[in-house]
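Open the model in a viewer and keep the selection tool at hand.

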Amino acid sequence: MAPFNIKTCARPNILALEPYRCARDDYKDDGTNILLDANENAYGPSLSSLSSTNFNSLHRYPDPHQASLKQALCNLRTTHAHTSRTLTPENCFVGVGSDEAIDALLRCFCVPGIDRILVCPPTYGMYSVSAHINDVGLIKVPLLPAPSFALDTSSIISTLSTSPNIKLAYFCSPGNPTGSLLAKSDIAAILGHETWNGVVVVDEAYIDFAPDEASLAEWVTEWPNLVVMQTLSKGFGMAGIRLGAVFASPEIATLLNNMKAPYNISTPTAALASLALSDAGLAVMRAHRTKIVEQRDRLVRELPKIEGVGRLRGGEMSNFLLFEMLDKDGKPDNVTALAVYERLAEAKGVVVRFRGKEHGCLGCLRITVGTEEETTRLLEALAKTLAEVHGQGGPEEDEEKKETEANDVIA
Ligand SMILES: *Cc1c(COP(=O)(O)O)cnc(C)c1O
């Protein structure tokens, strides 16, 4: 036998890695479930037709530069609301979803084992998973409590002053799972930090659901230390093609483009992304957004009328909402929320996301806004499920077991 031992050969941080978990690890898409767990766009892709796609050149490698796709992204995000300057393809990097960009920025700026990133929980899980993979430490400065979920700007600024080796700060706006848009003045205060030599990364995955001109993408033409990430996965309903975009100074964009695999964006992905960003695609995206906002407003009205549903936490700037589930005494409760999450999926075929273990999210479910019919089914299923969960009240040791289960859930 060769002396190979995976336990001593593989990197310790990879052996210890807790991978990114999604609700779909528990409940697969069997074609009948209503999937309200991953903030996808239930109305479908922003494509009016596929007729102009041409796949006759699939035997050739794709374009390594994607200049016309980048130009389309720049045209969309140049609003002149935050600066009179104009984004150009030199400000862009495109990757395999924003997940590639999250990882590329870490590899670009952070020396493994030495440098660290700052994150503000509750936030998107991939920042910490990518940091662990790269052996990069995490500094956490939680968001202010719900419902504002605003940046704790003074703590962030003092942490950046006193904790050494922080190279990146990842902020999510609108936040996942908070649904709150961060204040531009808070981001400006951090960008203007007097001593910190690092980069502010603003993840705008849900920006298409926020008010027009909320995106800070064009601000990268003013701030060399700002990076804005976006994706076609959410507002554009194109999660399946894996297209993420970074806006940055030409200097940072050049580093990211130098690092990437040469043909990271496939020909079909580039073609479909260009269609989604065409005038016809944008019209479809905006029509879908209008419908999502209608159903979101409906959920904000109807959910609190259900016995056992607590407060809306966070904001209404995304295609999902964060709501508390209450125990029989009317208190937000993780045992109840986890039981509701499981029963909704197993008995009713409605998959949402349990977020009760996230900082400041006690008892919370994150519910993606679906179609009108899906919303109707969700509201009925949730009312019945909560009544069942409240009705059953098992023996003491049963409750204890569920509490342990609730603590074990990483998702
Ligand atoms: C969904 C999501 C992403 C993932 O985007 P991809 O482009 O699909 O990789 C990034 N950031 C946040 C906050 C998200 O919720």
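A pocket is found on a 1 Å grid over the protein atoms alone, as an open set of points with protein on both sides within 12 Å along at least five of seven lines. A molecule sits in a pocket if more than half of its atoms lie within 2 Å of the pocket's grid points. This model is predicted: local features need pLDDT of at least 70, side-chain atom pairs count only at pLDDT 80 or more, and totals for chains, interfaces and linings use all residues. Residues are numbered from 1 along each chain as its sequence is written, and side-chain values use heavy atoms, with hydrogens and water left out.

**Stop 1: the ligand**

Select the ligand, which sits in the largest pocket.

Helices (H or I, at least four residues) and strands (E, at least two) are DSSP runs numbered from the N terminus.

**Stop 2: atom pairs at the ligand**

Which side chain has an N or O atom 2.6 Å from a nitrogen atom of the ligand? Select D203 to see that pair. For ligand oxygen atoms, pick N176, with a side-chain N or O atom at 2.9 Å, and K234, with one at 3.2 Å. Taken alone the ligand exposes 390 Å², and the protein buries 94% of that (Shrake-Rupley method, 1.4 Å probe).

**Stop 3: the cavities**

A cavity is a set of grid points where a 1.4 Å probe fits but cannot get out, and its lining residues have an atom within 4 Å of a point. Points are joined across faces, edges and corners, and a volume is the space filled by probe spheres set on them. The count is 3 cavities of 30 Å³ or more.

Select C120, L143, C172, G175 and L182, which lie nearest the centre of the largest cavity among its 14 lining residues. Its volume is about 80 Å³, and its lining has 9 nonpolar, 5 polar and no charged residues.

Finish at the second largest cavity, about 40 Å³, by selecting L73, L76, R77, Q230, T231, L232, L243 and A245. Two or more lining residues come from each of α4 (67-77) and β7 (226-231); α4 gives the most, with 3.

Note on methods. A polar contact is a pair of N or O atoms within 3.5 Å; within protein, one must be able to donate a hydrogen and the other to accept it, and residues adjacent in sequence count only if both atoms are side-chain atoms. Ala, Val, Leu, Ile, Met, Phe, Trp, Tyr, Cys and Pro count as nonpolar, Asp, Glu, Lys and Arg as charged, and the others, Gly among them, as polar.
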